[in-house]
Amino acid sequence: MGGKRRKNDDSDVEDSETASSKRKKTLTTEKKDQLRPSMIKNKEKRSELHAKLKHQKKLDKRAKAKSRDAAIKRALELGEELPEKKVPRTIENTREFDETVCKPDDEELFAGNDADEFSSILHQQQTPKILITTCRFHSTRGPAFISELLSVIPNAHYFKRGTYDLKKIVEYAKNKDFTSIIVVHTNRREPDALLIVGVPNGPTAHFKLSKLVLRKDIKNHGTPTSHKPELVLNNFTTRLGSRIGRLIQSLFPQDPEFKGRRVVTFHNQRDFVFFRHHRYIFENKVVKRAESKGRKDKDDKSDNAPEQKTIARLQECGPRFTLKLISLQNGTFDTKGGEYEWVHKPEMDTSRRRFFL
């Protein structure tokens, strides 16, 4: 009896040893899999591991691309539906839910647009007339920026600020039938803000201006003509964004002259409004057709005849700058008794995926 027990005990010990050895092997493999370059102190070994991981990642990416192309080719041959394209996760398509995002069937929004301050200009009942001025202490780059704004916005007029208050300038603009006022604010000899005031009933938008590049600093820039430009507004999706878009739209005439081939673009991305000014041209480019592998006859020259394609080319005219909305005030400029529709506050910047325009 005693001998049998000893054999059983020995077998139990062996089983426990094999189980512990298996556990050790799995732990070591997990450690190897979880080993990262940041865990290695030796610089040479760390760089070697980083290069191996980068090469393996490249191979995996190439294999995925090959399998995706093979699946598309197979679906085309069999006449099946193509596999769905994977959409990359970005901050824009993972933004937080916003109730104020405009919908195409929002009748309340269209009714409000028909009765707002810009309806007379956007329905071509009134031609836009812009007054551009500066703050009391303007800089060296300020006049150059204003001269380029005058070339971008048709029917814009520059008036020196002098010692006049902004409220008196608003009254003067009302009497002279101006539709908008643009004030270029400067700080440390650099334009840093734009104030756009709708005349006579507002609203007043205050923008922070940054990353200003003048026309002379743009490589291979073009010189714009005096034709009325085409206006492109991108990604103004919320109620506030549509209001800002209509304010910008009221600065430009609604009957562009396509002969001038000028385009002014305001592109909103993550509540930053990027301004660009381009000229475009259409050209016919001769493109050679690829020869078919099955045919080798030299007499059949009709299939290999060159093909003409129409290509659009762009040339930037400048200036180039970025706007960030700080506040939107009801009515004309009034710092004391004015009602604000929207004001940017630091508490609003708690999430990277929250946008307001």
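Analyst: What follows starts with the whole chain, turns to one helix and its salt bridges, and ends with some loops.

The model is predicted, so local features are described where pLDDT is at least 70, side-chain atom pairs count only at pLDDT 80 or more, and totals for chains, interfaces and linings use all residues. Residues are numbered from 1 along each chain as its sequence is written, and side-chain values use heavy atoms, with hydrogens and water left out.

The protein chain has 7 helices and 11 strands. These are DSSP runs numbered from the N terminus: helices are H or I with at least four residues, and strands are E with at least two. Of the 357 residues, 31% count as buried. Buried means under 20% relative accessible area, exposed means over 50%, and partly exposed lies in between, with a 1.4 Å probe and protein chains only. The chain exposes about 25,500 Å², and carbon and sulfur atoms supply 50% of that area. Accessible areas come from the Shrake-Rupley method with a 1.4 Å probe; for residues, only the protein chains shown count as cover. Of the contacts between residues at least 6 apart in sequence, 68% join residues at least 24 apart; a contact means heavy atoms within 4.5 Å.

R246 has a charged partner. It forms a salt bridge with D116, the closest N and O atoms being 2.7 Å apart. A salt bridge is a side-chain nitrogen of Lys or Arg within 4 Å of a carboxyl oxygen of Asp or Glu. D116 lies in the loop between α3 (107-114) and α4, and R246 lies in helix α7, so the pair ties together parts that are 130 residues apart in sequence. Both ends are covered: D116 is buried because its relative accessible area is 13%, and R246 is buried because its value is 14%.

The whole structure has 11 salt bridges. In another of them, K167 and D334 meet at 3.4 Å, N to O. K167 is in helix α6 (residues 166-175) and D334 is in the loop between β10 (320-329) and β11 (340-343), 167 residues apart. K167 is partly exposed, with a relative accessible area of 45%, and D334 is partly exposed at 22%. E283 and R313 form a further salt bridge, with the closest N and O atoms 2.7 Å apart. This pair links strand β8 to strand β9 (residues 307-316), 30 residues apart. E283 is partly exposed at 33% relative accessibility, and R313 is partly exposed at 47%. Salt bridges that share partners also join E117, R243 and E341 into one network.

D271 is a charged residue without such a partner. It lies in the loop between β7 (262-269) and β8 (272-287). D271 is buried yet has no salt bridge, and the nearest side chain of opposite charge, K324, is 4.8 Å away. A polar atom of the D271 side chain lies 2.9 Å from the backbone nitrogen of F356. Leaving aside neighbours within four places in sequence, the contacts of D271 include L323, R354 and L357.

Some loops have backbone details to note. A cis peptide bond joins V199 and P200, with omega about 10°, and another joins G202 and P203, with omega about 0°. P200 is in the loop between β4 (190-198) and β5, and P203 also lies between β4 and β5. Q124 has a positive phi of about 60° although it is not a glycine; this residue is in the loop between α4 (119-122) and β1 (130-134). Q124 is exposed, with a relative accessible area of 53%. N220 has a positive phi near 55° and is likewise a residue other than glycine. N220 sits in the loop between β5 and β6 and is exposed at 64% relative accessibility.

Definitions and conventions: Lys, Arg positive; Asp, Glu negative; His and termini not counted. Polar contact = N/O pair within 3.5 Å; in protein donor to acceptor, adjacent residues only side chain to side chain.
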